[in-house]
Amino acid sequence: MNMSTIADWVNDRAGLAPLKELAQKKEVPLHRHSLWYYFGGMTLFLFFIQVGTGILLLLYYRPSAENAFESVQFIMTEVQFGWLIRSIHSWSANLMIATMFIHMFSAFLMKAYRPPREFTWISGSLLLVIVLAFGFSGYLLPWNKLAFFATKVGTDIAGVVPGIGDFLLRFLRGGDEVTGATLTRFFGFHVAVLPALITAILFIHLLLVQRQGMSVPPSLEGKALKKMKFVPNFLLRDLMGWLIALGALAALSAIFPWELGEKADPFASAPAGIKPEWFFMFMFQTLKFIPAKIGPIDGEVLGVLAFGAGGLFWFLVPFLDRKTAQGKPSRGFTVIGIILLVYIVGMTIIGYTQ
Amino acid sequence: MTLSLVLLFLVMVSKAQKDVTPSGSNQPIPTPASEKDSCLECHKEMGDQLAAPVTAMEEDVHKKRGLSCANCHGGDPTSDDPTLAMSPAKGFIARPKPVEVARFCGKCHSDAEFMKRFNPAQRVDQETEYNSSVHGKRIKQGDAKPATCISCHGAHGIREVNNPNAPVFALNVAQTCGQCHANAEYMKSYGIPTDQLHKYNQSVHAEALIKKQDLSAPTCNDCHGNHGAAPPGVASVSNVCGTCHARQAELFDKSPHKTPFEAADMAGCVVCHQNHQILTPADNMLGVGEKSVCTSCHTEDAGFQGSQKMGELIVGLNHHINQTEDLLNRVAITGMEVSRPMFDLKEARDKLINARVLIHNFSPSAIETAVNQGMDISKKANQAGQDALSELQFRRKGLAASLIIILLAVAAIYLKIRQVERRAL
């Protein structure tokens with residue numbers, strides 16, 4: 001039985017012909033910004049790495065305040081290649097968030113959110129929120145000192161949201177303080193709730209991308225552009241990128257294994273200079289710069305509200321940028337995107353150098 | 001009606017007097033602090049030396065508890081006439097002689113009933129203790145120079161012992177004793193050394209108490225007593241040290257040194273550790289080297305060999321633990337997870353500390369057992385460090401191999417892309 005016979009056999013039963021047709025038809029436009037197309041696929045690849053390594057970690061991880069730290073220690077010292085799996089999971093998580101930010105800003109600056117891709121943008125924004133929640137919940141799971149206090153600070157910030165702050169804080173912590181209950185809860189979010197959400201939304205996001213094809217920047221729209229077949233030309237290039245990413249992950253994991261630190265001690269005082277993960281640093285640093293009181297309102301509350309409003313603005317960009325929707329140049333939104341990018345990078349650098 | 005009011009007033013006055021009158025005192029103290037106090041009124045106006053006690057009293061613990069001049073000095077503070085106010089007939093004592101001071105303070109401080117009202121846990125044996133001290137005995141013999149209550153506590157402006165500004169607060173005790181004991185001129189007639197303060201300041205105890213502000217560390221009164229201050233005798237030295245260093249004292253009492261030391265009038269702990277200049281003990285106090293304290297008695301005998309063996313064992317374990325610690329620190333810097341052996345090594349250090357304590361029994365075999373326990377743990381931790389280093393090498397080689405495979409795969413895909421695109425042209 002040769003390969004084509006097997007393919008025919010499967011096709012007769014599963015009806016894969018439309019998929020084959022889609023794969024053969026799918027093309028990628030070639031222009032000076034084509035490089036940015038690779039970051040979506042790269043994010044997807046790193047996500048699959050996360051799923052694979054996450055499942056392997058689940059074989060040994062124990063989600064309780066008494067056992068979590070020791071189980072991660074066991075993974076790193078006793079389990080064959082456990083150190084590699086845990087380091088790859090941690091490094092890949094961070095690289096995935098980085099490539100996701102790049103993918104998002106390239107989509108923003110190339111105005112890929114304009115009609116008819118509003119839903120693609122919104123689903124992508126939701127994916128970012130979910131991935132940040134993955135990062136926040138996963139950070140606590142080793143139950144080490146830094147993660148413990150970072151979670152305390154992070155959930156404190158959630159607690160200042162007007163109206164629902166108290167509820168949000170108790171919902172996240174499973175009580176008034178960060179305890180074993182918080183760990184168990186974060187574990188549940190990390191391995192059940194968030195994976196279910198991301199699977200559904202990722203499916204919609206990818207479906208929409210296939211339906212609508214690749215967006216080209218408005219300045220190139222309507223021009224005769226060269227195209228590359230997705231299968232195999234673009235896919236092979238994707239594969240090259242993924243392999244290089246895999247090499248980078250292996251190198252980072254072997255040369256800079258992800259540290260475990262000291263076990264969390266709820267009775268110890270917070271270590272000096274506690275910092276959140278790098279992808280929350282720009283928000284953390286902004287809150288530090290805001291004065292304690294602005295008029296009658298608490299500075300922190302105002303900061304949290306401002307970030308909420310900013311997030312909503314970002315989410316609704318396809319409906320706010322009317323000029324792009326009408327096919328006109330929209331320099332204002334390009335400037336907003338660049339300012340935001342510079343702001344995030346700048347605040348992150350300040351956060352780490354202060 | 002008028003008669004009733006007068007009677008009520010008299011009852012209240014007599015009750016107020018009773019509240020501040022020590023039961024054992026022959027001279028009732030007439031004036032509570034809240035009423036007229038001609039002592040304060042006059043002395044305030046007098047200025048200089050005569051006003052100084054009034055100013056000092058502002059911070060005094062007695063004043064804070066409602067007492068005033070007449071409660072100690074007697075007299076009649078309700079009278080504005082100095083002759084009546086300071087009348088000896090009313091129990092006035094201007095300045096007690098040194099020999100009278102202990103009784104002067106003891107009027108109240110030896111009265112359990114009276115003191116209980118201010119502090120139910122207050123000791124009342126200070127006067128008795130003082131009378132048993134070298135200071136108290138000499139004072140009774142007519143020597144006016146030894147310390148009395150006021151030499152250490154001050155006369156006016158007396159602060160509670162837990163007040164950091166009090167001369168008897170733990171951190172200040174050595175300086176307070178040193179006012180006399182470090183004054184060679186003052187102490188000349190007694191023929192005792194005056195270098196105790198200097199030596200104490202170099203000691204491990206002073207380092208803990210004064211530099212590290214560890215108030216549980218001992219100062220003069222912890223070994224000599226405070227009110228009953230006396231040098232501990234040869235027989236009681238190990239008891240004195242043993243109040244804190246209980247295990248060492250217990251081991252020493254069972255050791256072969258106890259009896260010959262006492263027979264030779266050698267004060268236990270002091271023989272090796274000195275008294276005031278007790279330095280941080282070091283491993284080189286063992287063995288047969290230059291700083292060995294054993295070789296000052298033992299030369300070429302079984303004790304000499306035992307000291308040599310114990311020194312080698314302790315130094316050997318310490319050296320091994322330090323080496324292992326260096327190794328684990330180096331490994332940890334590379335990012336390898338070695339927190340468990342690092343934790344285990346702490347237990348090896350505990351065993352080393354235990355072995356150092358066991359020295360006080362002077363039994364090489366007991367030391368060997370303790371050292372071997374520590375050595376086993378240290379060796380395992382060392383092996384874990386070595387394994388982590390080998391693992392690191394393995395990872396680096398694995399990484400190199402993986403990267404080569406990945407590079408080859410990337411190159412193969414690149415060639416495939418070229419092939420596909422050439423075919424398409």
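By the distance rule applied, 23 salt bridges are counted over all chains. The model is a predicted one. Two of the pairs described here involve the loop between α10 and α11 of chain A, and another pair joins two helices of chain B.

In chain A, Lys263(A) pairs with Glu70(A). Their closest N and O atoms are 3.1 Å apart. The two residues belong to distant parts of the chain, 193 residues apart. Lys263(A) sits in the loop between α10 (230-255) and α11 (281-289). Glu70(A) lies in helix α4, which covers residues 68-77. Lys263(A) has a relative accessibility of 29% and therefore counts as partly exposed. Glu70(A), at 27%, also falls in the partly exposed class.

The loop between α10 and α11 of chain A also holds Glu262(A). The side chain of Glu262(A) meets that of Lys145(A) in a salt bridge, with an N to O distance of 3.5 Å. Lys145(A) is part of helix α7, residues 145-158. Glu262(A) is exposed, because its relative accessibility is 51% and the exposed class begins over 50%. Lys145(A) is partly exposed, with a relative accessible area of 23%.

In chain B, a salt bridge joins Arg349(B) and Glu325(B). The closest N and O atoms of this pair are 3.6 Å apart. Arg349(B) lies in helix α22 (residues 339-358) and Glu325(B) in helix α21 (residues 302-333), so the contact ties together parts of chain B that are 24 residues apart in sequence. Arg349(B) is partly exposed at 25% relative accessibility. Glu325(B) is partly exposed as well, at 34%. Elsewhere in chain B, shared partners join salt bridges into one network. Its members are Asp253(B), Lys258(B) and Glu262(B).

Cysteine pairing was examined next. The structure holds zero disulfides over all chains. Cys105(B) is in no disulfide. The nearest cysteine sulfur to Cys105(B) belongs to Cys149(B) and is 3.9 Å away. Cys105(B) is partly exposed, with 25% relative accessible area. For Cys294(B), the closest cysteine sulfur is that of Cys272(B). The distance is 6.4 Å, which is too far for a bond. Cys294(B) is buried, with a relative accessible area of 18%. The assignment follows because buried means under 20%.

The surface of chain A carries a nonpolar patch. Its residues are Met3(A), Ile6(A), Trp9(A), Val10(A), Leu16(A), Leu19(A) and Leu22(A). Together they present about 670 Å² of accessible area. Two elements of chain A, α1 (3-14) and α2 (17-25), each give two or more residues to the patch. The most comes from α1(A), with four residues. Leu19(A) is placed in helix α2 of chain A. At 54% relative accessibility, Leu19(A) counts as exposed.

Methods: Residues numbered from 1 in each chain as written. Chains lettered and ligands numbered in written order. Predicted model: local features only at pLDDT ≥ 70, side-chain atom pairs only at ≥ 80, totals over all residues. Heavy atoms only, no water. Salt bridge = Lys/Arg side-chain N within 4 Å of Asp/Glu carboxyl O. Buried < 20%, exposed > 50% of the residue type's maximum accessible area, 1.4 Å probe, protein only. Disulfide = S-S within 2.5 Å. Patch = residues over 30% accessible without salt bridge, like charges linked within 9 Å, V, L, I, M, F, W, Y side chains within 5 Å. Areas by Shrake-Rupley, 256 points an atom, 1.4 Å probe, with all protein chains shown as cover.
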